[in-house]
Amino acid sequence: LRILHMLLCVILIMGIGVLVDFLRSLLFMAIEKLMIVCLKLYYSKREVFDYLIFGACTTVFNWIAYIACAYLFLVPLWDAKTTENVMVASVIAWILSVIFAYVTNRMFVFHSTVTEKKAVLKEFFSFVSARIFSFLMELLLMYVMVDRLQINDLISKFVIGFVVIALNYIFSKLWIFKEEKKETA
């Protein structure tokens with residue numbers, strides 16, 4: 001009986017191993033198919049996805065700058081969290097984020113080929129102008145949500161971020177980094 005018991009244990013363990021390997025194989029095939037679908041989707045709308053990826057990076061950068069300013073520098077400096085230091089922190093975070101966003105959008109999203117100094121400056125100032133508009137919108141919405149509606153500043157900043165991202169993409173795509181029409185001869 002002992003040999004039969006050992007033989008059944010070996011067969012059972014082997015059967016479980018084969019089943020686990022079969023399930024692993026199915027899982028890996030499903031992941032591979034999912035990756036192929038995701039890559040096809042990414043490459044079909046690469047600019048939008050790149051904008052969202054680098055927009056998320058800019059948003060994280062903005063949040064880090066905002067929290068550092070609002071909670072590490074301004075609150076100890078003014079001994080209280082006020083609407084004024086929320087606004088000042090937003091301005092500082094915005095300036096740093098616009099510089100970060102311009103570089104990443106220019107290089108990785110819209111792949112700007114402009115190299116002439118005057119044209120790059122025009123592109124940069126157009127970018128900053130569009131961002132000033134969306135920033136003024138952000139400040140107005142922050143004021144309304146934080147000061148008037150008494151909504152937490154971090155929740156307000158999160159909600160407003162979606163509005164700002166949409167505005168910025170529209171400005172970047174249609175005005176700042178628009179592709180030049182190639183003339184056909």
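The tour below goes through helices, charged pairs, rings, a core and a surface patch.

**Before you start**

This is a predicted model: local features need pLDDT of at least 70, side-chain atom pairs count only at pLDDT 80 or more, and totals for chains, interfaces and linings use all residues. Residues are numbered from 1 along each chain as its sequence is written, and side-chain values use heavy atoms, with hydrogens and water left out.

**Stop 1: helix H1**

Select residues 2–44, which are helix H1. Helices here are DSSP runs (H or I, at least four residues), numbered from the N terminus. Now show the side chains of Asp21 and Arg24. They meet in a salt bridge, 2.9 Å from N to O. The term means a side-chain nitrogen of Lys or Arg within 4 Å of a carboxyl oxygen of Asp or Glu. Side chains of opposite charge can pair when their charged atoms come close. Asp21 and Arg24 are three residues apart in H1, so about one helical turn separates them.

How covered are they? Asp21 has 41% relative accessibility and counts as partly exposed. Arg24 is partly exposed too, at 39%. The scale uses a 1.4 Å probe and protein chains only: buried is under 20% relative accessible area, exposed is over 50%, and partly exposed is in between.

Arg24 lies over the face of Phe28, at 5.3 Å from the ring centre. The rule for a charge over a ring is NZ of Lys or CZ of Arg within 6 Å of the ring centre and within 35 degrees of the ring normal.

**Stop 2**

Select residues 46–78 for helix H2. Pick Asp50 and Arg46. Their side chains meet in a salt bridge at 3.6 Å, N to O. These two are four residues apart in H2, so they are separated by about one helical turn. Is Asp50 buried or exposed? Asp50 is buried, at 6% relative accessibility. Arg46 is partly exposed, at 39%.

**Stop 2: Lys157 and its two partners**

How many salt bridges does the structure hold? There are six. One of them joins Glu138 and Lys157, whose closest N and O atoms are 2.7 Å apart. Glu138 lies in helix H4 and Lys157 in helix H5, so the pair ties together parts that are 19 residues apart in sequence. Glu138 is buried at 9% relative accessible area, and Lys157 is buried at 4%. The charged end of Lys157 sits over the Tyr66 ring, 5.1 Å from its centre.

**Stop 3: paired rings**

A search of the whole structure finds 16 aromatic pairs. Rings of Phe, Tyr and Trp (its six-membered ring) pair if their centres lie within 6.5 Å; planes under 30 degrees apart count as stacked, over 60 as edge-to-face and the rest as tilted.

Select Tyr42 and Phe49. Their ring centres are 6.1 Å apart and their planes meet at 45°, so this pair is tilted. Phe49 is partly exposed, at 29%.

Next, select Phe61 and Phe100. This pair is stacked, with 4.9 Å centre to centre and 5° between the planes. Phe61 is in H2 and Phe100 is in helix H3 (residues 83–109); the pair links distant parts of the chain, 39 residues apart. Phe61 is partly exposed at 32%, and Phe100 is partly exposed at 27%.

Then select Tyr51, Tyr102, Phe110, Phe124, Phe125, Phe127, Tyr169 and Phe177. They form one aromatic cluster.

**Stop 4: the core**

**Stop 5: a surface patch**

Finish with Val91, Ile95, Ile99, Val103, Met107 and Phe108. They make a nonpolar surface patch of about 490 Å². Patches use residues with over 30% relative accessible area and no salt bridge; like charges are joined within 9 Å, and nonpolar side chains (Val, Leu, Ile, Met, Phe, Trp, Tyr) within 5 Å. Areas come from the Shrake-Rupley method with a 1.4 Å probe; for residues, only the protein chains shown count as cover. Val91 is found in H3 and is partly exposed at 31%.
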